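Welcome, and please open your viewer. We will go from stop to stop, selecting a few residues each time and looking at what surrounds them.

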Amino acid sequence: MVHRTERLTGRRVLIVTLLLAALLALCIGGGIAFGAGTVNFSSLLPGGSLTEVEHAILLQVRLPRVLAAGLLGGALAVAGVVFQALLRNPLADPYVLGVAGGASIGGVVALLLGLGSVGVMGGAAVPAFAFAGALAALLLIESIATVGGQLTVYSILLTGAIFNSFAAALIYFIQSVASLQQLHEIVFYLMGRVPALGYQELAVLALAIVIVDLAVYTMCRDYNALSLGEEGAMLLGVDVGRTKRFTFVLGSLLTGLCVAVAGLIGFVGLVVPHMLRLVIGPDHRLLLPAAFLGGASFLVLADLAARLLLVPNELPVGVVTALIGGPFFLYLLRTRGRNYAF
Amino acid sequence: MKGLRAKKVVFGVAWLVLASACSKTPPPPPDADDGPRRVAVMAPATAEILDVLGVLDRVVGIGQFGPWPASIAELPEVGGYDSPNVERLVILGTDVVFTVKSEAAAPAHRRLNKLRVRVVELDTSTYEGVFNSIKLLGDIFNRGKMAEKLAARMRVELQDVERRVYGVPRRRVLFVIGRDPEFVAGPGSHLDRLIEIAGGVNIGQDLTAPYQQMSKESILERQPEAIIDTSDNRANSLRGRQPGAWGVWDFLPAVKNNRVYWIDPSQLVIPGIRLPHMAQLMGKLIHPEIFGEPDPSDYLALEYDRDGAPN
Amino acid sequence: MPSSRDTPIQVADLSFDYVGRTVLNDIRLSVGAGKIVGLLGPNGSGKSTLLKIIAGTLPGYRGSVQVAGVEVRSFARGKLARLVAMVQQEPEFSFNYSVLEIVLMGRHPHLAGLAFESAADVEIAHAALDRCGILALGQRPIHELSSGERQRVVFARALAQEPMILLLDEPASFLDIRHQVEIFDIVRELAEVQGCAVLTAVHDLNLAAEYFDQVYLLSDRTIAACGSSGTVLNYANLTRVFETELYVDTNALTGKLLIVPLSGRSRRLLAETRAPRRNGGHQDS
């Protein structure tokens, strides 16, 4: 285990961030290099030229998809870190918690009301409803599931199960009211997949995620203090009420945005922050940027697997992340659960 | 959770096609010479076959399906194919329930058998399944000759389509069930077979299930020469011969050669005795130069007249 | 009224209700600069609540609680945390920070925005660790430490906060006798050398007698007695407030009070030896 040696410095944050950025660049490179279709990369050399099909596969299918996977993975990992800091429990992932389930309920309701379609350019309605659903779920979790001020593992599992199964149960209802294409979209939406976005949509998504992430980053030292409990943080001068309110809103925004665009992609916010904490420590000044880059790398790779495993078929990426994250979650619950406030 | 959801996807697809299975049930000894008197049907394809066999008037209860054939549309509903209403079936004095194989309905089917209601699981979702079902229904109603005639007529019509494209270069066809992500016809589906009969080759034939998601990259790389998109069944959906959303990929031969079709799923997605008609329509879409242009009505949702025959 | 400079903690007419139940009633208390004041009383007498109110984490009180002359509930959190540090009875550590990182969190109120701790901050943290005898634990993850070690980490963090007022809630409950003494020696040094005002709740009456300048005896939600530890800590007050029999004597070395709990058997022994003489004196010798 690489344990941090002395204090955290800006230099150290910069170095780790650059290393992880290099890792992400590597993953993106891999994501672009491989895919279901074949691209002859030697034609990229001077003198060569891509065929129309290669051009389309590379620039209109693969690249935007890899970028979308990166943005979503980063956002989901940051959402995980934020919820874990707020609820002071490393198992608090947006999907496990049921916040994503709440968001998906909101998103599906917006779809059914005919207020828009999935995707950023489908209008603001789906993201807005997903945000509202996420926030409602989070407030409910906070109000009913905390015992003695701290969220227990059992209540996390319970609320998560309730929200996620409710989201799944919606399908039965949807079957009777939705059109075929709506049904199709919703079924795949709830399985979690990296959407095909245009560059303009990607730019909007990136802008929104970056703004929210930066807002979250302003509270990174408060999150450190929160690890000492709400009272402990107050004693160090943190305005806990304000930090909680902002974090609720920002975390729900991130989750709502991801769910509105990509549906239920689970466990990114669980696996990535945990692995990173083992290597770089829990300090949020480093963990937050690292989680964004690590989450981006993770989802780019998971999506690459989803694209490559069953060519010409394709797996929803949510299936891949669940295949990795489910056992990981059980392992954490079994080995580390006792340390974290049962 | 994932398991649940995966199951629901299966249901969703099953809902699209209305079934999957095979009919291994041995023909029951008819309780009269003329077969069962009171029957329930859970799928429209079965009702169509019963109509041709002249026993549609034996139907006393119907599953949850569209308003066709019209003559039985007003009958009492007896639940969906995956959730039959056991009580109602018993109260209606049903002798036989014609349904499709369904894991979800298996316990109900066992209960029905105990209550002396025979359950016959037909497979009307595949090409061979349709012919097997016709034969089985003919045997059950002691109308073997009639069933044979129907099957023979259908085979002749299908062979006729096949004959017309004999020796003609096959065109690569993409059959779209759902978009974003692309969900397409794969091997084992009646669509795969119909494409073959109508002189095409299904670019999704190396998938691993009758209906499956297909990578967009693979679709582009395989250069479909005809795209048949039945992804939406809404009344105001795009219909007719035009590129629509596929126009983005202007280098595809299907787009270049104006062979992208937007069709209501009811025309092609649910098989039955209309297989020959479907093969002809498929021929018009893949080889309009041989079969002629599709009619405007070929793109729209099927409508049935009072007699129950498709318009 | 004494000036806020000499008396950093001034509490008057303080009452506090929690879920409709009165936890503190009519509390009047002050702690002078450079003084160590003890809060004593049975479980549930409101000691922790009183400390939390002064630390500003329970703003819903009635009456007046002034820290450095300013009402606690009107303080900005960050500003209050630069003046007041508190060692909680049951500290929480949800994530596996290193000991040094935890102690550096004591610098949180002194840092602005997204800043990183400077070399000077690390020096302060190291000094605090050294003072508490846990410098060697600096790089250890907090989850690997024993309860006693954690308690010293929390104390070191409070030191790193460089407070003018130090509130301690059972700071030594997990410590062995040597470390208890070390901690309270540090507390005395803080008070006497740096003029820190210390208010501490303890259960150990001998520690109280040894270290505290003044004590407040809390009983039944209010103050039962207060004054210098020599006058307040006597047989009558202690047995009344704690509702148990004690052996109270004078420490032959220091001349301060010596308090020993009596088991049921010892109490019977006491009753037998007393009965024939019926001297009724409370100061057994």
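## First stop: a covered helix in chain B

Select helix 2 of chain B and then show what covers its buried residues, which includes strand 1 (39-41), strand 2 (59-62), strand 5 (96-99) and helix 5 (127-140) of chain B. Here helices (H or I, at least four residues) and strands (E, at least two) are DSSP runs, numbered from the N terminus. Buried means under 20% relative accessible area, exposed over 50%, and partly exposed in between (1.4 Å probe, protein chains only).

Before going on, please note that this is a predicted model, in which local features need pLDDT of at least 70, side-chain atom pairs count only at pLDDT 80 or more, and totals for chains, interfaces and linings use all residues. Residues are numbered from 1 along each chain as its sequence is written, chains are lettered from A and ligands numbered from 1 in the order in which they are written, and side-chain values use heavy atoms, with hydrogens and water left out.

Back to the helix, which spans residues 44-52: seven of its nine residues are buried. To colour them, pick B:Pro44, B:Ala45, B:Thr46, B:Ala47, B:Glu48, B:Ile49 and B:Leu50. Just after helix 2 of chain B, look for B:Gly54, where phi is positive at about 80°.

## Second stop: the two domains of chain B

Now colour residues 27-159 of chain B as domain 1 and residues 168-299 as domain 2; such bounds come from an automatic or database domain assignment. The C-alpha centres of these two domains of chain B are 30 Å apart. Where they meet, 16 residues of domain 1 of chain B are in contact with twelve residues of domain 2 of chain B, contact being heavy atoms within 4.5 Å.

Next, select B:Asp232, in the loop between strand 11 (226-229) and strand 12 (240-241) of chain B. Is B:Asp232 buried or exposed? Its relative accessibility is 9%, so B:Asp232 counts as buried. Setting aside residues up to four places away in sequence, B:Asp232 touches A:Ser179, A:Leu180 and A:Gln181, along with B:Ser237, B:Arg239, B:Ile263, B:Asp264 and B:Pro265.

Move to chain A, which has 14 helices and two strands. Of its 342 residues, 63% are buried.

Show helix 2 and helix 12 (residues 268-280) of chain A, whose axes come within 8 Å and cross at roughly 75°. Axes are lines fitted to C-alpha atoms, for helices over the stretch in contact, and angles run from 0 to 180 degrees between N-to-C directions. The two helices of chain A are therefore roughly perpendicular to each other, a label for angles of 65 to 115 degrees. Among the residues making the contact are A:Gly73, A:Leu76 and A:Ala77 of helix 2 of chain A and A:Val268, A:Gly269 and A:Leu270 of helix 12 of chain A.

Then pick A:Gly35, in the loop between helix 1 (10-33) and helix 2 of chain A. A:Gly35 counts as buried because its relative accessibility is 17%. Leaving aside neighbours within four places in sequence, A:Gly35 is in contact with A:Arg62, A:Arg307, A:Leu308 and B:Glu217.

In chain C, select the open sheet of six strands, ordered 6-7-8-3-9-10 with mixed pairing. Two strands pair if DSSP finds at least two bridges between them. Strand 6 (84-87) and strand 10 (222-228) of chain C each have a single partner strand, so one side of each is left without a neighbour in the sheet.

Zoom in on strand 3 (residues 36-40) of chain C, where five of five residues are buried. C:Ile36, C:Gly38 and C:Leu40 point one way from this strand, and C:Val37 and C:Leu39 the other way. Strand 3 of chain C runs parallel to strand 8 (residues 197-201) of chain C, joined by four bridges, and C:Val37 stands opposite C:Leu199 there. Strand 3 of chain C also pairs in the parallel sense with strand 9 (residues 214-219) of chain C over four bridges; C:Gly38 has C:Val215 as its bridge partner.

## Last stop: the largest nonpolar core

Finally, select A:Leu288, C:Val103, C:Phe155, C:Leu166 and C:Phe212, the residues with the most contacts inside the largest nonpolar core, which has 163 residues. Such a core is a set of buried Ala, Val, Leu, Ile, Met, Phe, Trp, Tyr and Cys residues joined through side-chain atoms within 4.5 Å. Its largest share, 16 residues, comes from helix 2 (residues 52-87) of chain A.

Conventions: Angles under 35 degrees count as roughly parallel, over 145 as roughly antiparallel, 65 to 115 as roughly perpendicular and the rest as oblique.
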